[in-house]
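Hi,

Here is the structure I said I'd pass on. Have a look at it first, and then read on for what turned up.

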Amino acid sequence: MSIFDIPTLDLARAQFAFVVSAHIVFPAFSIGTASYLMVLEALRMITGKDVYLRIFEFWKHIFAVVFGMGVVSGVVMSYEFGLNFAHFSDKAGPVIGPLMGYEVMTAFFLEAGFLGIMLFGRNRVNKWIYMFAVTMVAFGTLLSAFWILSVNSWMQTPAGFAMNDVGQFIPKDWWEVIFNPSLPYRFVHMVLAAYLTTALVVAGVGAWHHIKGTADDAVRTMFRMAVAMILVTAPIQIFAGDQHGLNTLEHQPAKIAAMEGHWETSKGAGLILFGIPNPSQERTDYKIEVPYASSLILTHSLDGEVPGLGDFPPDERPPMTIVFFTFRIMVGLGFAFAAIGLWGGWLMWRKRLHEPGLFHKVALVFAPGGFLAIIMGWFTTEFGRQPYTVYGHFTTAESVSNLSHGAAWAALIGFVLVYAFLFGSGIFYLGRLMKRGPEGAEPVENTPQRAGGVAGAMLANDVTTEKEEAHA
Amino acid sequence: MSGFAHYLPDIWAAIIAFAILTYVVLDGFDLGIGILFPFLGSEENRTRAMNSVAPVWDGNETWLVMGGGGLLAVFPLAYGIILNALYVPIIIMLLSLAFRGVAFEFRGKTRRWQKLWDKAFFGGSLIATLAQGAILGGLLRGPEVTGRTFTGGPFDWVSWFSLGTALALVAGYVMLGSAWLVIKTSHGLYDLARRVGQVSLIATLGFIGLASLATPFLHPEYYNRWFAWPGIILSAVVPLLLLAAAFGYWKCIRSDRGVMAYLSGIAIFVLCFAGLGLSIFPYIVPASITIREASTTAMSQGFILVGAAIFLPIILAYTAYAYWVFRGKTSEHEHHY
C-alpha cells in the first residue's frame with residue numbers, strides 16, 4: 001500500500017491530531033505564564049520591588065509570542081470540527097456546541113479583550129486597572145481550559161443526554177453534561193500540567209543563565225520561584241494522575257487495558273514497567289513486571305480485577321501499542337519532574353541553588369519536558385478512546401465529513417508545512433528572547449505616555465498631540 | 001412549544017449575523033491595512049500602521065471564532081454542511097490568517113527577516129480576504145445537499161461570481177482600513193490613506209453594483225424575493241441608502257473626519273448585509289436548509305441564549321474600553337512593548 005492509498009478518514013484524523021497537538025502546547029504554556037504574570041504583578045504591587053517588574057516584562061514578551069501562536073492555531077480549532085467531522089458536528093453539536101459557545105463568550109473574548117491593555121497599556125491605565133487586566137487574561141485562560149476540557153470530557157464520558165429521531169445527541173441535564181464524570185480529573189490534571197510545564201521552562205531559562213554566568217538578581221528570583229513551583233506541583237500531579245486513572249478504569253476500561261498493556265482480564269495483575277505489545281498474537285512481549293502492582297494501583301487492593309484488551313471485540317479496541325508507549329513516556333517524565341523538584345528543593349535548603357552544577361544542566365535539558373509530557377498524555381487519552389468520538393456511542397468513522405481524497409491530502413500537507421514554518425520561526429524567536437534574559441528586555445519607560453484628556457481626538461482628528469509628534 | 005421558544009432560531013440567526021458583521025467591520029479594517037501594507041511608502045509608515053492595530057486585532061479576530069462557535073452551538077447541521085462544502089477556501093483562509101497573526105509578533109523580533117514578515121502580513125491579509133469573499137460567493141450559490149450531507153465536490157465554490165465577491169471584499173476592507181488610518185495617523189500616511197480611501201470606495205461601489213445585478217440571477221428564488229413584495233421595498237430603498245452612505249464616506253475621507261468615514265463604511269457593509277439576508281432568509285444553507293431545519297433543540301438554544309444575553313453586552317463594553325484606552329493617533333515608537 002502506498003501512502004496515497006491512506007483512507008480519507010485517516011487523513012482527516014491525521015489532520016485533526018496534528019492541528020490539535022500543535023495547538024495544545026501554546027494554551028498550556030499560556031495558562032501557566034498568564035498565572036505567573038499575575039503573581040509577579042501582584043508581588044510587585046505588594047512589595048514594591050523592582051525585580052518583579054523586570055521578571056514580568058521579560059516573561060510578558062515571551063507570553064505575547066506564545067499567545068499569538070495560540071490564537072492563530074486556536075481559530076483553526078474552532079473550525080476543525082466542521083471541516084473534517086461534519087457528521088459529528090451535526091450529531092453532537094446540540095450538546096457540545098453550547099459549551100464551546102460559552103468558551104468563546106466567557107474566555108476567548110476576555111483574554112483577547114484585555115491582552116492589548118496587558119501588553120501595551122501599562123502607561124495608559126492606572127495600576128489597579130492594569131492589575132485587573134492581567135488578572136482577566138489569567139482568568140480567561142483558565143476558563144477556556146475549563147470549557148474545552150468539559151467538551152473533551154463529555155466526549156470521553158458522555159452524560160446527561162438523550163437521542164432524538166434524527167440521531168442527534170440532545171441535552172437533558174446541562175449540569176450532568178458539563179460536570180460529566182471525568183471533567184474534574186481532566187481539568188485538574190491539565191491545569192497542573194500547564195503550571196508544571198511553565199515552571200520547567202522558567203527553571204530551564206534560569207538554569208541557562210546560571211551556567212552562562214549571567215544570572216542577575218531577577219534570574220535568581222525567577223529560578224527560585226520556578227524550582228519551588230516544581231517541588232510543589234510535580235508530586236500533586238502524580239497524585240492527580242493516579243486519581244484520573246481510577247476514573248478512567250471506571251468509565252473507559254478498554255483504554256486502561258491498552259495503557260497497562262494487559263490482554264487478559266485478571267485479578268492480582270502485575271504492573272508492566274516495560275514490554276512490547278504484540279496485537280497480532282494478543283500478548284505483550286518482553287515484559288518487565290512488578291507483581292500485583294497494577295491491581296494495587298488501580299483498585300487499591302492486591303487482588304483487584306484489572307481489565308484486559310482481549311475481552312473487548314476487535315472493532316472496539318484502541319491501538320494498544322501507541323497508548324502503551326505514550327502513557328509510559330508521560331509517567332516517566334512525571335516522576336523525573338518530581339525528582340528535579342526534590343533535588344532543587346534540597347539544594348535550596350542547603351543554600352546551593354545558585355552555584356552552577358549538574359542540577360542546572362539537568363534543569364536545562366528538561367525545560368521542554370512538560371510539552372512532551374502533555375503531548376504524550378494527550379495521545380494516551382485520545383488514541384485510548386478510539387474507535388469512538390463519543391465514547392461507546394458514536395464512532396470516528398461515522399463522524400467524518402464528505403471529503404475528497406485530494407483535498408484532504410492537500411489540507412494535511414498545507415497544515416504541516418505552514419505550521420512547521422510559522423511555529424518553527426516562533427520557537428526560534430522565543431529561544432532568542434530567552435537567551436537575552438531579563439536584562440535584555442526593553443525597559444517599559446520607553447513607551448511614550450499618552451496625553452490625558454484627548455477625548456475629542458477620536459472625533460476631531462486634527463487634535464494631534466504635540467507630545468506624540470515629538471516622539472515620532 | 002411556547003411562543004418564545006418558537007422564535008429562538010430567529011433570535012440566534014440575528015445574533016450570529018451580528019457576530020459575523022462585527023467580525024467583518026472590525027477585522028475588516030486591520031485586514032485592509034495588511035492589504036495596503038506594501039503600498040505605504042516608508043518603513044516608518046508600515047510600523048506605524050501596524051502599531052495602530054496591534055493592541056486590538058486579537059479581539060477583532062475573536063468575532064470569527066464567535067461566528068463559527070455560534071453556528072456549531074445553535075445550527076450544528078448548517079455548521080457541518082457549510083464547512084464541509086467550503087473546505088478548501090476555509091482552510092486557505094485559516095492558514096492565511098495564521099501568517100497574518102504571527103506577523104504582528106515576529107516582525108518586531110528580527111531585523112534580517114523583517115521583510116519576510118512584512119510579506120507574510122500582506123499576503124496573509126490579502127489571501128484571507130479573497131478567501132472570505134469566495135466563501136461568501138460559494139455560499140450564495142448554494143452548496144449541493146442530500147439529506148443531512150454535503151454531496152458536492154471540493155471546488156464547487158469556484159465561479160466568476162465568487163471571484164467578484166472576493167474582489168469586492170478586498171475593495172471594501174481597504175475602504176475600512178483607509179478610514180482607520182485617517183483616524184490613527186498623521187502627515188504622509190494620513191494623506192495617502194485619504195487618497196486610497198476615495199479609490200477603494202469607487203471600487204467597492206462598482207463591485208457591489210455588479211454583485212447586486214448578478215445575485216438575483218443565481219437562483220430564481222433570489223429573483224422573486226428582490227422583485228416581489230416586500231423585497232421590492234428593499235430593492236428600491238437599499239440602493240438609495242447605499243448611495244447616501246457612500247456620499248458620507250466620500251465627504252468625510254476627503255475632509256479629515258476618519259471616524260465618520262469609518263462609520264459610513266460600516267453603513268455600506270450593513271446595507272449589503274441586509275441585502276444578503278433578504279436574499280437567503282429563511283435559509284441558512286442557501287436554497288437547501290432553513291434556519292429552523294438546522295436548529296438544535298430549544299434546550300440548547302435557550303441555554304446558550306442566557307449566556308449571550310449576559311456576556312455579549314459585557315464583551316461589547318470591555319471591547320469598547322480597550323479601543324478607548326488606545327484612542328488617538330499612533331506614533332511609530334509606540335507598542336514596542
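To get you started: in which loop of chain A is A:P387 found? Look between helix 12 (369-384) and strand 7 (388-390) of chain A, and there it is. Before going further, keep in mind that this is a predicted model.

B:P282 sits in the loop between helix 11 and strand 3 (283-285) of chain B.

While you're browsing loops, stop at A:K351. This residue is not a glycine, yet its phi is positive, at about 60 degrees. You'll find A:K351 in the loop that runs between helix 10 (320-349) and helix 11 (358-365) of chain A.

Now for some helix packing. Two packed helices are described by the angle between their axes and the distance between the axes. Take helix 7 (residues 160-184) and helix 11 (residues 258-280) of chain B: their axes come within 7 Å and cross at roughly 160 degrees. An angle over 145 degrees counts as roughly antiparallel, so that is how helix 7 and helix 11 of chain B run relative to each other. Helix 7 of chain B passes helix 11 of chain B in a left-handed crossing. Among the residues making the contact are B:L169, B:G172 and B:Y173 from helix 7 of chain B, and B:G258, B:V259 and B:A261 from helix 11 of chain B. The contact residues split into 13 nonpolar, 3 polar and no charged.

Helix 7 of chain B also packs against helix 8 (residues 187-214) of chain B, with axes that come within 7 Å and cross at roughly 150 degrees. That makes helix 7 and helix 8 of chain B roughly antiparallel too, and their crossing is left-handed. In this contact there are 17 nonpolar, 6 polar and 1 charged residues.

Finally, how do the two chains meet? On the chain B side, 83 residues are in contact with 91 residues of chain A. About 7,800 Å² is buried between the chains, and carbon and sulfur atoms give 71% of that area. How many salt bridges does the rule find across the interface of chain B and chain A? The count is 1. B:R148 forms a salt bridge with A:D90, and their closest N and O atoms are 2.9 Å apart.

Technical notes. Residues numbered from 1 in each chain as written. Chains lettered and ligands numbered in written order. Predicted model: local features only at pLDDT ≥ 70, side-chain atom pairs only at ≥ 80, totals over all residues. Heavy atoms only, no water. Axes fitted to C-alpha atoms, helices over the stretch in contact; angles between N-to-C directions. Helix = DSSP H or I, 4+ residues; strand = E, 2+ residues; numbered from the N terminus. Parallel < 35°, antiparallel > 145°, perpendicular 65-115°, else oblique. Left-handed = near helix turned anticlockwise from the far one by under 90°. Contact = heavy atoms within 4.5 Å. Nonpolar A, V, L, I, M, F, W, Y, C, P; charged D, E, K, R; others polar. Buried area = accessible area lost by both parts, 1.4 Å probe. Salt bridge = Lys/Arg side-chain N within 4 Å of Asp/Glu carboxyl O.
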